[in-house]
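Please look through the sequence and the structure shown here before reading on.

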Amino acid sequence: MDVLMLARLQFATTTVFHYFFVPLSIGLSLFLAVLQTRYLSTGDEGLKKLVKFLGKLFLINFAMGVATGIVQEFQFGMNWSEYSRYVGDIFGAPLAIEALLAFFIESTFLGLWVFGWEKLSKKLHLACMWLVAIATTISAFWILTANSFMQNPVGYHLNEATGRAELTSFGELLTNSHTAYQYAHVFSGALATVGFFVLGVSAYQILKGREKQLFNIAFKQAAIFAFIGTVAVAGIGHFQGMYLVQEQPMKMAVADAHWNTSDNPDWAIIAFPDKANGENSFALKVPGMLSFLSYSEFGRQVDGINDIQKEMVAEYGVDDYVPNVWVTFYAFRVMLAGGALMLLMSILALLWQRPERLETKHGYLKLLIPSMLLPYLANTGGWLVAEVGRQPWIVYGLQTVSEGVSRVVPAPAVLLSLLGFIVIYSALLVVAVRLIQKTCREGLADGTIEQGPAMATAG
Amino acid sequence: MDLNILWFILVSVLFVGYFFLEGFDYGAGALLPIVGKTDNERRLIINSLGPIWDGNEVWLLTAGGAIFAAFPHWYATLFSGFYLALFLMLLFLILRIAAIEFRSKHESTVWRQRWDIGLTLGSALPAFLWGVAVTNLVTGVPIGPDKQYAGTFWNLLGPWDILGGLCFLALFCYHGCLFIDLKTDNKAIKVRVKKYAPRFFFAMLIMLVIWLVCMFLLSDMFKSMIALVLTLLAAVALLFSIFSFMKGSSGKAFIGTGAGIALFTFAVFAGMFPNVMISTLDPAWSLTIYTASSSAYTLKLMSIVAGCLVPVVLAYQIWTYWVFRKRLTESDLGGLEY
């Protein structure tokens, strides 16, 4: 494999891995802040136990986010140095601001929260978790601002003398229309992720017959998060799709394996894309649906891959502007299917949340445990559509991925680091999942490490 | 003073923060098996870092982000050129984070011993590699006319580079000894700190002197008067540190190493100025604060952002140290996280 392919694989691997932990950190910090606020306003010590228990899970997840996040800050320079030179003037700013404005708050106030139960007043201690929650959403904003520049570059000019893109309007960079859709989509995805995470954990505890009353409280709050998150992520996703049909028509055409421009086109549920012939060798279709998805109305014309390719050749010169259709198409369907199942499960969670009702739904509770994976599938699928669908561009319309890759890093070095990251990330993932399982098995019994008091302390 | 100079100073300030704070973090982590023998002693050491290590590490991420934003060519050339060294450092930093977070979450001796090895290596190796990196920045590396690194991984590992790495490691270990002494209240730990701190200090001192002579002969660092003065001041601060330690004041000693690390870091940056990456092939090919920088617009924007945010960050980080100012004893361990 050449350097370009290895570098792409490495970015995909490390970023997908990192994003396993990001949405839960965003969602669970908010979930904990709300739950702890309820504890302070009701004084119910049971809620405190719940906060401490979920806090343990949060910490394991957060540690994984930090461990995998550190690579993110440096790999643009390592593998994408020509990209870094070309857009560093613009792209570096949100990254630096993210560290200054969000990472410092997150790390410092989480430290205060974890170690400050006895040292801070209750209100100040609660404020620490709110600050963590706010900081994670700020962090998401800046990194999506950076990503949105790659998707839809704004607020720059090309400097002929230096041969690179330079920032001309910070305001335009911040108000990039792409960021608005993506941010809303990612944030509601995070709400759904924590919703299903806590639903699964609570279902497990209720099935075990432990602290049913407390876990029913957690279940109810999680049901609201899951439902709001799922409905929002789907609704926003629809408008984001319409937006992308305008801004990145190739991405959406590929995501739906729509080859030829046509009026009122069908939408393929399943397809066998055949890029060589520019068509699907097989497709299972819903009539007229693609027009509705693209414009919220039937009977509209939607551009196809073959025609967009011709337009792009006319605009940017001869090249292959078609991203990998198989990956993008099926990643999109994984996301949609995940979302649909999440919608169903979260509606049931709302309907059956009353304790006496919920306890009778054994099958449903059991199903909620594997359902914890659904948001992860959907999140990963969504990012694959966004990033694979952006190919061959690293900055849409400005620089291709092959122009952005480092020139001095030899292939064996990239292969070595790719393997190294895969090994350590996989090992840590296994450890983290086992620790989460162990913590869940121990449940609310205050399993303080070492020879702590055997009795569960009530605070 | 133009914005390029301001940002060069700002990046050096971020590295001062990073080396000062993570210096004792790495030192304490590297010393874990020597200074802490029982599980409780090790937990005391790790928990003394507990609330702060993550915040300290953000100084590194911020330094990386700042270099990217203010000097994109520096970011690009440095990290693609030092690829394998940086990869190794990232790998060990990841290991370190996992070790701190996961070691105490399972009550098994084998489990904890394995993570302790991870914490030791994950702390010692980055400390060593930063010394190597700093030496390379001072002596210069092969950089071509296209701003690209033209050497290999082995170019980075000359004898004086390794000496610089060991010197950093010893300095951070000494710094870490002092931090442990200040933050824990435990007889056995105190005895070991008393024994090992001077050893690390004098090992560091000998290596530092040789390293400075090497740099005097091999690099242009001391053509800068400022670098020379700052280096001498750093030496004074470090000597003040060991004298204070011998007299029994770890607090003053810690201030001494802190000042020493800060002054020495500033000295290195002053010695490079106005270069950010020195080319050994042709001085004209060196990256400078002007040829590597972002546009005036971005520098101005980032100056405003940093001017507003850095003081706030410093304020709440200092407050955190105040909240957790109490020394840890074994009786605290029941309720501690790590």
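The text below goes from one chain as a whole to the contact between two chains, and then to single residues and pairs.

This is a predicted model, in which local features need pLDDT of at least 70 and side-chain atom pairs count only at pLDDT 80 or more, while totals for chains, interfaces and linings use all residues. Residues are numbered from 1 along each chain as its sequence is written, chains are lettered from A and ligands numbered from 1 in the order in which they are written, and side-chain values use heavy atoms, with hydrogens and water left out.

## Chain A as a whole

Chain A holds 16 helices and 8 strands, where helices (H or I, at least four residues) and strands (E, at least two) are DSSP runs numbered from the N terminus. The C-alpha trace of chain A spans about 75 × 50 × 40 Å along its principal axes. For 459 residues a compact globule would have a radius of gyration near 23 Å, and the 24 Å of chain A agrees with that; the radius is taken over C-alpha atoms, and the globule rule is 2.2 Å times the number of residues to the power 0.38. Of the 459 residues in chain A, 59% are buried, a word that stands for under 20% relative accessible area, with exposed being over 50% and partly exposed in between (1.4 Å probe, protein chains only). When contacts (heavy atoms within 4.5 Å) in chain A are taken between residues at least 6 apart in sequence, 77% of them join residues at least 24 apart.

## Where chain B meets chain A

In this interface, 73 residues of chain B are in contact with 72 residues of chain A. The area buried between the two chains is about 6,400 Å², and carbon and sulfur atoms give 75% of that area; buried area is the accessible area (1.4 Å probe) that two parts lose on being put together, summed over both. On the side of chain B, the residues that lose the most area to chain A are B:Phe68, B:Tyr83 and B:Ile94, together 11% of what that side buries.

How many residue pairs are in polar contact between chain B and chain A? The count is 19 residue pairs, both residues being at pLDDT 80 or more; a polar contact is a pair of N or O atoms within 3.5 Å, and within protein one must be able to donate a hydrogen and the other to accept it, while residues adjacent in sequence count only if both atoms are side-chain atoms. Several elements of chain B give two or more residues to the side that touches chain A, among them α3 (53-70), α5 (83-102) and α11 (296-323). The element that gives the most to this side is α11(B), with 14 residues. By class, the side of chain B that touches chain A has 41 nonpolar, 21 polar and 11 charged residues; Ala, Val, Leu, Ile, Met, Phe, Trp, Tyr, Cys and Pro count as nonpolar, Asp, Glu, Lys and Arg as charged, and the others, Gly among them, as polar.

## Salt bridges

Side chains of opposite charge can pair when their charged atoms come close.

| Salt bridge | Closest N and O atoms |
|---|---|
| A:Glu211 and A:Lys49 | 3.4 Å |
| A:Glu356 and A:Arg354 | 3.4 Å |
| B:Arg96 and B:Glu57 | 3.7 Å |

A:Glu211 forms a salt bridge with A:Lys49, and this pair links distant parts of the chain, 162 residues apart, with A:Glu211 in the loop between α6 (177-207) and α7 (212-247) and A:Lys49 in helix α2 (residues 45-79). A:Glu211 is partly exposed at 35% relative accessibility, and A:Lys49 is partly exposed at 26%. B:Arg96 forms a salt bridge with B:Glu57, and the pair joins helix α5 to helix α3 of chain B across 39 residues. B:Arg96 is buried, with a relative accessible area of 0%, and B:Glu57 is buried with 3%.

## Two buried residues

A:His125 lies in helix α4 (residues 122-151) of chain A and is buried, with a relative accessible area of 2%. A polar atom of its side chain lies 2.8 Å from the backbone oxygen of A:Trp113. In chain B, B:Trp130 is placed in helix α6 and is buried at 10% relative accessible area. Leaving aside neighbours within four places in sequence, B:Trp130 is in contact with residues including B:Phe15, B:Leu60 and B:Phe168.

Key. A salt bridge is a side-chain nitrogen of Lys or Arg within 4 Å of a carboxyl oxygen of Asp or Glu.
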